[in-house]
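Hi,

Here's the structure I said I'd pass along.

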Amino acid sequence: MTLRVSAVQVRTAPRADSDTSTRPPTGRQGLRLLAESLRHSRRAMLLLSLWSLVSAAPALVSGKVLANAIDRGFLAHDTGAAALWLAVFALVTLVGAVAGRQTFPPLADIVEPLRDRLLRGVVTGTLKRAADPGAPRGAGSAVAVAQITRQVEAVRDSASGQLMIVWQFVLTAAAVILGTTALAPTAVPLIAVPLGLALCLFAMLIPSMIRRQRAAYLAEERLARVSVDTLGSLRDLVSCGALEAGMAGAHQAVLAQAATARSLARVAALRRLVVALGAHVPIVLILLAIPALTRRGMTAGGVVAVLTYLTGVLEPALRLLVQGVGGSLLRLEIAAERLAEASCPPPDRTAAQSTAVPAGFPVELRDVTFAYGAGAEPILRDLSLTIAPGEHLAVVGPSGIGKSTLADILAGMTVPDHGTVAYGEVPLPRVARADLYRARVLLPQDAYVFTGTLRENLGCLADSPARITDRRLLEALTGLGADGLLSRLGSLDAQLDPAQLSTGEKQQIALARAYVSSAWTVILDEATSHLDAAAEARAEEAFHRRPGTVITIAHRISSARRADRILLLDGTHPLIGTHAQLLVASPLYADLVGQWDPSSV
Ligand SMILES: Nc1ncnc2c1ncn2[C@@H]1O[C@H](COP(=O)(O)OP(=O)(O)OP(=O)(O)O)[C@@H](O)[C@H]1O
């Protein structure tokens with residue numbers, strides 16, 4: 001007998017995605033994520049430090065060498081000695097350049113693993129959130145992942161830039177202080193004290209700079225929004241006589257943006273003060289102190305060398321530090337913040353009050369209604385259905401009628417607007433996520449195969465992949481008709497290159513993965529669409545021998561005929577029954593059967 005699938009009472013259940021307990025991570029969390037990643041690269045940091053020290057050595061000795069060229073060469077009218085010291089100067093500069101080049105491989109060793117680690121974190125986080133019940137379809141799509149990986153590139157670039165700028169500044173400042181000590185120890189306080197004060201001022205400015213830059217960005221965004229809204233509704237504002245109120249709102253946004261820009265400009269001006277205090281004040285102090293310094297034994301060459309240190313080495317390094325760190329720190333922080341957000345796994349909303357799914361459970365839908373969007377026509381309306389333990393159900397219907405949506409709802413990937421889905425009396429919102437993944441497998445049409453061994457690909461849905469025996473894996477591959485693929489690959493430990501596999505082979509691997517998993521219920525959403533009718537039959541028969549429930553979104557009529565029952569979705573009046581019952585009861589079903597390729601029947 002054909003049954004009309006019941007559809008009566010609507011019960012309200014809150015959507016899981018209304019949970020607000022997940023707070024977006026703060027910028028500090030983002031920077032912590034970066035610091036943690038850097039901590040893993042200690043060896044590369046050490047190598048970078050060593051080569052940087054060698055590259056800073058020329059700056060250290062160049063003062064003394066230059067002073068000698070002037071004092072012992074030019075001022076002593078000894079051109080040969082002057083040329084010799086200048087040649088030494090050129091040589092140490094060359095050594096510095098070579099050592100500078102050597103800093104790049106360890107820098108890459110720090111930055112590339114940082115990039116990989118961040119990338120792994122964000123891709124895993126994005127995919128986990130996409131797989132979270134209630135996540136919008138396509139949230140973990142290639143596009144979503146690509147968008148976030150662009151942030152990773154931004155973090156990699158700015159992290160390596162910042163690292164080099166800060167580190168080079170530390171070495172340069174140390175070289176200037178030590179070089180000056182060798183030339184005239186009494187001149188050191190004239191450089192070190194203003195430089196120290198400038199660095200303290202800069203450190204104090206950083207938080208305020210970040211705060212003001214963020215405020216400026218937000219004000220700019222708000223102004224853009226308000227302008228677009230005001231201009232877009234100009235006609236309505238005029239016709240309602242609300243033009244003045246609208247203009248006042250826009251004017252306020254302009255004033256707020258101008259205020260944040262002014263406040264940012266003030267703090268940017270203070271950056272110039274840092275350079276002036278740290279590099280220009282020492283120049284003035286040295287010039288003023290020349291008589292006193294020469295009285296204490298400083299030579300003319302020494303004076304020129306110290307001034308060269310200040311103008312040619314310290315001032316550019318300090319300027320780079322202040323502009324580089326000040327300018328891109330916020331960008332780095334915001335990008336790191338986005339990454340920390342993207343790396344967050346979704347909170348397990350069920351963990352606190354979860355209930356275990358009983359073994360061999362039925363799948364039940366009670367009055368399920370679902371629409372994509374608040375005002376949209378429901379795809380499913382008041383659908384009630386029980387799929388008995390071990391039953392094989394096929395779902396059929398015209399294209400776009402909601403078969404995949406139903407598969408997602410049955411798997412707990414999409415939360416219905418009304419009604420409940422329960423696994424053995426336990427409503428899905430009460431099933432812990434880990435239990436849900438253990439209880440069912442949903443195979444979509446696009447099979448996912450990753451670079452790794454065949455064994456790793458097969459075991460990735462299992463509770464403990466290491467415990468799956470070779471016999472079980474071979475049984476799955478042979479049963480599902482993938483023995484040809486196995487002999488081509490050679491062994492279970494053969495490396496898979498997804499680009500070298502056909503879509504049918506990828507589907508066979510995904511099917512075998514579901515077969516060896518511990519899931520009691522397997523939902524196949526056109527998961528055999530790239531297999532020919534015979535291969536599809538072989539795969540489905542293998543699943544029929546496997547203990548458990550199978551729900552198939554049918555791709556061919558032959559697939560539907562193998563099922564115990566068939567659910568026909570037709571929008572308003574879903575029907576359930578056997579092939580023969582539906583042929584009699586539903587003209588739509590008869591029509592669908594007629595449309596299917598007769599060779600596949
Ligand atoms: N994320 C979404 N947002 C809005 N509408 C969607 C979304 N996903 C699917 N739809 C629409 O919902 C309807 C049902 O889609 P669904 O994929 O469930 O149908 P289907 O029966 O599986 O189709 P097909 O047989 O072509 O795969 C379609 O009209 C589709 O365009």
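Helix α6 (residues 188-232) packs against helix α8 (residues 243-295) at an angle of about 165°, and their axes are 8 Å apart. Anything over 145 degrees counts as roughly antiparallel, so that is what α6 is to α8. The crossing of α6 past α8 is left-handed. As for what sits in that contact, the residues split into 31 nonpolar, 10 polar and 3 charged. Bear in mind for all of this that the model is predicted.

The UniProt record (an unreviewed entry) annotates "transmembrane region" at residues 44-61, 81-100, 165-184, 190-210 and 273-294. I checked a couple of those against the model. Residues 190-210 are 100% helix and 0% strand, with the end C-alpha atoms 31 Å apart. Residues 44-61 also come out as 100% helix and 0% strand, and there the end C-alpha atoms lie 26 Å apart.

Which residues come nearest to the ligand? Of the 11 around it, they are Tyr-372, Ser-399, Lys-403, Ser-404 and Thr-405.

Helix α10 covers residues 403-410 and is mostly covered itself, with 7 of its 8 residues buried. Those buried in α10 are Lys-403, Thr-405, Leu-406, Ala-407, Asp-408, Ile-409 and Leu-410. Just after α10, Gly-412 has a positive phi of about 80°.

Cheers

Definitions and conventions
Residues numbered from 1 in each chain as written. Predicted model: local features only at pLDDT ≥ 70, side-chain atom pairs only at ≥ 80, totals over all residues. Near = placed C-beta within 6 Å. UniProt positions renumbered as here; feature names shortened; annotations may be inferred. Helix = DSSP H or I, 4+ residues; strand = E, 2+ residues; numbered from the N terminus. Axes fitted to C-alpha atoms, helices over the stretch in contact; angles between N-to-C directions. Parallel < 35°, antiparallel > 145°, perpendicular 65-115°, else oblique. Left-handed = near helix turned anticlockwise from the far one by under 90°. Nonpolar A, V, L, I, M, F, W, Y, C, P; charged D, E, K, R; others polar. Buried ≥ 20, exposed ≤ 12 C-beta atoms within 10 Å, placed from the backbone.
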